[in-house]
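Please look over the sequence and structure below. The report that follows covers surface, core, helix and charge pairs.

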Amino acid sequence: MPQADTISILCVDDEPLFLDAFSQKLGQEDGFSIVSVSNAAEALRSIESSHFDAIVSDYAMPEMDGLALLREIRARGYKTVFVMMTAKRLAHIAIDSINAGADYYFQKGANVAEDFPKLVDFIRNTVPERSAGRQVPEQDRFYQSMIESVNDIICRVAPDGTFRFANEAGLSFFKSSLNDMPAGNFFSFIPESERKGVLLGLQKLSSSQPDVLMEHHMVGLDGKSALLQLKYHALFTGGKIAEYQISGRSTEGLVRIGRPEHMAEVAQVSKAPPAPAPAPKQEEKVQWSGLVESIQSIDTPVFAVDKNGCIIAWNRGLEELTGIPASAMIGKGNSAYAIPFYGKAVPMLIDHIIRPSMTSGADVKKIGDTYIGDMEQVVIKGKPMLLWGKGSPVFDANGKLIAAIEAVTIGEPPKGGVGKEEYLGGISSLSLKVSGEGVGGAIAGAIGSSSGGYGVYATNKRVIIIRNPDLNPETGQGVQFSTFMIEELFGSVGDIRQKSIDDLEKLKIFEAEKYAITRIELKKPVLLSGYLHITAENNSSFRIYIDHKKTYGHIEQLMKSFLPEKLQID
């Protein structure tokens with residue numbers, strides 16, 4: 001039985017010699033407890049009966065491979081750290097693992113001994129830390145890994161108010177440790193004059209309406225009273241309330257929107273009537289829950305609507321970008337999401353997904369299930385900006401559309417001339433490859449055997465090709481996938497986060513000044529890889545192969561905004 005301070009790891013591999021050697025090596029690490037199984041079926045039985053902090057699985061296994069195992073584990077709701085191992089240097093394995101929710105990619109081969117310490121460090125740093133001095137159940141570990149970094153007070157209590165969990169912000173507010181709280185009861189912190197009203201509010205909760213938002217006072221152990229806004233969410237088991245999850249914050253320092261620069265936008269949003277469509281079914285709301293939670297954790301500005309166009313998610317990235325809180329947006333319909341960008345309710349890219357008849361004349365590119373819009377000039381909080389949207393539909397298990405999401409990329413309009421160099425955009429991807437010189441190298445790039453992990457970026461003055469060290473499958477560092485959650489949502493295969501021009505300078509392997517470029521050729525990947533070929537003055541040129549249609553779509557949009565007059569598309 002693992003001790004309270006151990007990290008439990010399940011190793012899965014059908015090669016007995018490697019499994020035995022690898023498991024023994026991991027087991028020699030201080031604080032690691034190892035269980036080994038030889039196939040995916042055994043692995044699934046093991047996780048049903050025991051908790052594991054991490055799973056390290058081979059990719060190529062008979063009957064059910066590592067990718068199918070990963071998908072099944074995620075489908076069952078397990079958030080366990082997952083490491084994909086493979087002896088094959090194939091980009092599609094890493095790409096598929098990204099999309100399925102893997103956390104790390106480990107390459108078998110001659111460099112295993114050299115790369116092993118990096119894997120160990122990754123597991124130690126990624127597995128949620130245990131609470132000091134006590135065993136943390138799996139559910140608590142999951143809560144801690146997701147919420148210890150937020151400033152909101154988050155607690156879980158029994159129906160009688162007994163504390164079962166409190167995050168660091170909660171313990172800090174109550175000026176206490178979980179064990180030191182009087183009688184361990186949440187409701188004892190509510191003044192008696194308000195407690196009855198809170199309890200009456202909780203009695204009205206049901207499985208169909210499990211949430212209520214209340215504003216009331218709480219008194220900490222130091223005797224100080226504070227006014228809090230708290231959301232109570234009832235968790236039901238067998239038709240009865242089994243637990244309350246409580247989250248919120250103090251109203252001290254709360255700014256209620258009313259500043260002059262926001263008044264016009266907020267007023268317009270507030271006037272937008274709800275969509276006239278019927279309310280969504282309860283099962284659709286359940287299917288949204290994971291989507292909404294994922295969107296909230298993303299830094300990129302993202303929003304989501306249901307199939308009727310009502311806003312169901314408006315993340316913090318959009319709150320910061322627009323200055324409009326989610327509370328003023330959730331539930332709004334009639335294209336209210338467009339007001340912060342266009343000053344009025346007009347169709348956006350997301351409308352092309354849920355009701356294409358509204359946007360029949362729009363210039364929208366569809367690659368698989370991903371929709372890409374053209375770059376547009378907008379005004380956000382009084383400042384001219386460039387907006388570029390990327391969206392995707394959300395289907396239920398029967399393939400029925402239930403929602404749609406759109407990510408908003410914002411940049412400053414290029415100033416041109418001899419002014420400051422401005423970043424336009426770019427993408428790094430495992431599907432972007434650079435081959436060797438000559439006919440042999442060109443064939444290798446075209447058929448997809450060259451190594452990937454390159455990037456294409458543009459400013460208002462030049463185009464830059466980089467080698468992205470975070471996406472190099474041939475290094476021993478592996479590919480850490482958690483940073484690419486936004487791409488997982490949209491099913492694409494790259495890193496589209498903005499990079500500083502200084503970083504691009506450090507990583508560049510080729511650049512061409514805008515004024516010196518004579519031709520840009522783009523070929524779409526069909527049976528063979530496509531490519532981007534840049535020719536500059538003095539016949540200097542560079543070709544990068546594109547092995548994925550969605551990556552190609554991103555680069556096509558980038559080149560259209562960079563130098564459309566020199567662009568030739570095959």
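## A nonpolar surface patch

Val526 has a relative accessibility of 65% and therefore counts as exposed, the cut-off for that class being over 50%. The model is predicted. Val526 lies in the loop that runs between β23 (517-523) and β24 (530-536). Together with Leu527 and Leu528, Val526 forms a nonpolar patch on the surface, and the three residues have about 390 Å² of accessible area together.

## The largest nonpolar core

The largest nonpolar core has 27 residues, of which Phe303, Val305, Trp314, Tyr337 and Phe341 touch the most other members. Two or more residues come from each of the elements β11 (302-306), β12 (311-314), α11 (316-322), α13 (349-354), β15 (376-380), β16 (383-395) and β17 (401-411). Among these, α13 gives the most, with 4 residues.

## Helix α8

Helix α8 spans residues 192-203, 12 residues in total. From first C-alpha to last it reaches 17 Å, close to the 16 Å expected at 1.5 Å a residue.

Val198, Gly201 and Leu202 are the buried residues of α8. They cover an arc of only 95 degrees around the axis, so they sit on the same side of α8. The face turned away from that buried side carries the exposed residues Glu192, Ser193, Lys196 and Gln203.

## Salt bridges

Side chains of opposite charge can pair when their charged atoms come close. A search of the whole structure finds 10 salt bridges.

Arg462 pairs with Glu511, with the closest N and O atoms 2.5 Å apart. This pair links distant parts of the chain, as Arg462 is in strand β20 (residues 462-467) and Glu511 in strand β22 (residues 508-513), 49 residues apart. Arg462 counts as buried because its relative accessibility is 5%, while Glu511, at 31%, counts as partly exposed. Both residues belong to a network of salt bridges that also links Glu421, Glu505 and Lys508.

## Two further pairs

In helix α17 (residues 549-562), Glu556 and Lys560 are 4 residues apart and therefore separated by about one helical turn. They form a salt bridge whose closest N and O atoms are 3.2 Å apart. Glu556 counts as buried at 5% relative accessibility, and Lys560 as partly exposed at 34%.

Glu521 forms a salt bridge with Arg519, the closest N and O atoms here being 3.2 Å apart. Arg519 has a relative accessible area of 30%, so this residue is partly exposed.

Technical notes
Residues are numbered from 1 along each chain as its sequence is written. This is a predicted model: local features need pLDDT of at least 70, side-chain atom pairs count only at pLDDT 80 or more; totals for chains, interfaces and linings use all residues. Side-chain values use heavy atoms; hydrogens and water are left out. The expected span of a helix is 1.5 Å times one less than its number of residues. Buried means under 20% relative accessible area, exposed over 50%, partly exposed in between (1.4 Å probe, protein chains only). The arc is that of the directions from the helix axis to the C-beta atoms. Patches are made of residues with over 30% relative accessible area and no salt bridge: like charges are joined within 9 Å, nonpolar side chains (Val, Leu, Ile, Met, Phe, Trp, Tyr) within 5 Å. Accessible areas come from the Shrake-Rupley method with a 1.4 Å probe; for residues, only the protein chains shown count as cover. A salt bridge is a side-chain nitrogen of Lys or Arg within 4 Å of a carboxyl oxygen of Asp or Glu. A nonpolar core is a set of buried Ala, Val, Leu, Ile, Met, Phe, Trp, Tyr and Cys residues joined through side-chain atoms within 4.5 Å.
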